[in-house]
Amino acid sequence: LLCSVAEDSAILWDIGECYSKNSAASVQQEVVLTTLSKETAGPASFNDTSSLVAVCRGCDILVFATELCQLDTTLVGHTAPVTGVVFSASHLIVTISEDRTFKIWDLVQSSVAFQSAIISASPFVCACVDPVQDHLFTMAADGKLRMYDMVLGSGHAKLLECDIGKEQEKMAASHMPFEDGNTSNSGSVIRSMVSRQPLPDATPSTGPCAHAGPLVIGMYYQHGQHSQEEE
């Protein structure tokens, strides 16, 4: 299954059917969400069995059962647009928002398992979960990375806070810059054609989303398997 999200809708695509027919000519699709004019669709996330897909719409999160393409649950509680949603296990959903809070929802208990206080001076922009260590990572628009304990009964304490901008400055100060062609370990370079389209005028942001540090717009956790030889 593939879920594509546009400003006005979210669509589920049956990619498996395409592979079984060995043809890309036609793929079955189901429109699971059509938003209202003032509510823009946002990020989406599948659970680990792909039986559920959560789609953000404004301040709410809509959870659909993928088999029937029907609305299963609506999560309501954020006071500003939701900027990220990610499943932790099959029944827990973590959401972050421009209201500068994160919430953990329990679909089995039909309840909010945890809701944070206002954490940052800047809105959250992305999040990911380490399903092995049960850690939640959040990134705010000011460049602050935070890690929280997701283990039940832990109080979801903050374990780490890192300023990405300051860390980059430290790395730049401690490493000599690479010179093109100066080392055999510099890796290959792939270049694209320069776009001939003129760039739009850039207007600095002066609203609440303005930030001083580098803005990370996406985080994805991958748990790798290492052999004994590699260790």
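**From rings to salt bridges**

Mentor: Start with a cluster: Phe102, Phe114 and Tyr148 are linked by ring pairs. Bear in mind that this is a predicted model.

Trainee: How many aromatic pairs does a search of the whole structure find?
Mentor: The search finds two aromatic pairs. Phe102 and Phe114 form one of them, at 5.6 Å centre to centre and 35° between the planes.

Trainee: Why is the pair of Phe102 and Phe114 called tilted?
Mentor: Rings pair if their centres lie within 6.5 Å. The value here is 5.6 Å, so Phe102 and Phe114 qualify. Stacked needs planes under 30 degrees apart, and edge-to-face needs over 60.

Trainee: What does the pair of Phe102 and Phe114 tie together?
Mentor: Phe102 sits in strand E10 (residues 102-106) and Phe114 in strand E11 (residues 111-115), so the pair ties together parts that are 12 residues apart in sequence.

Trainee: How do you know whether Phe102 is buried or exposed?
Mentor: Buried means under 20% relative accessible area. Phe102 has 1%, so Phe102 counts as buried. Phe114 has 22%, so Phe114 counts as partly exposed.

Trainee: What makes Phe102 and Tyr148 an aromatic pair?
Mentor: Their ring centres lie 4.9 Å apart. The limit is 6.5 Å, so they pair. With 50° between the planes, this pair is tilted.

Trainee: How many residues apart in sequence are the parts that Phe102 and Tyr148 tie together?
Mentor: Phe102 lies in strand E10 and Tyr148 in strand E14 (residues 144-149), so those parts are 46 residues apart in sequence. Both Phe102 and Tyr148 are buried.

Trainee: What makes the link between E13 and E14 a pairing of strands?
Mentor: Two strands pair if there are at least two bridges between them. E13 and E14 have five, so they pair. They form a hairpin with three residues between them, and Gly143 in the turn has a positive phi of about 85°.

Trainee: Where does E6 stand, and what pairs with E6?
Mentor: Strand E6 covers residues 60-65, and five of its six residues are buried. Strand E5 (residues 52-57) pairs with E6 in the antiparallel sense over six bridges. Cys56 has Ile61 in E6 as its bridge partner. E6 and strand E7 (residues 70-75) pair in the antiparallel sense over five bridges. Val63 has Thr73 in E7 as its bridge partner.

Trainee: Why is the contact between Lys144 and Glu161 called a salt bridge?
Mentor: The rule asks for a side-chain nitrogen of Lys or Arg within 4 Å of a carboxyl oxygen of Asp or Glu. The closest N and O atoms of Lys144 and Glu161 are 3.8 Å apart, so the pair passes. Lys144 is in strand E14 and Glu161 in strand E15, 17 residues apart.

Trainee: How many salt bridges does this rule give?
Mentor: The count comes to four salt bridges. Another of them joins Glu161 and Lys158, at 2.6 Å from N to O. Lys144, Arg146, Lys158 and Glu161 are linked in a network of salt bridges.

Trainee: What makes Lys170 exposed?
Mentor: Exposed means over 50%. Lys170 has 52%, so Lys170 is exposed. Glu167, at 33%, is partly exposed.

How values were computed:
Residues are numbered from 1 along each chain as its sequence is written. This is a predicted model: local features need pLDDT of at least 70, side-chain atom pairs count only at pLDDT 80 or more; totals for chains, interfaces and linings use all residues. Side-chain values use heavy atoms; hydrogens and water are left out. Rings of Phe, Tyr and Trp (its six-membered ring) pair if their centres lie within 6.5 Å; planes under 30 degrees apart count as stacked, over 60 as edge-to-face and the rest as tilted. Helices (H or I, at least four residues) and strands (E, at least two) are DSSP runs, numbered from the N terminus. Buried means under 20% relative accessible area, exposed over 50%, partly exposed in between (1.4 Å probe, protein chains only).
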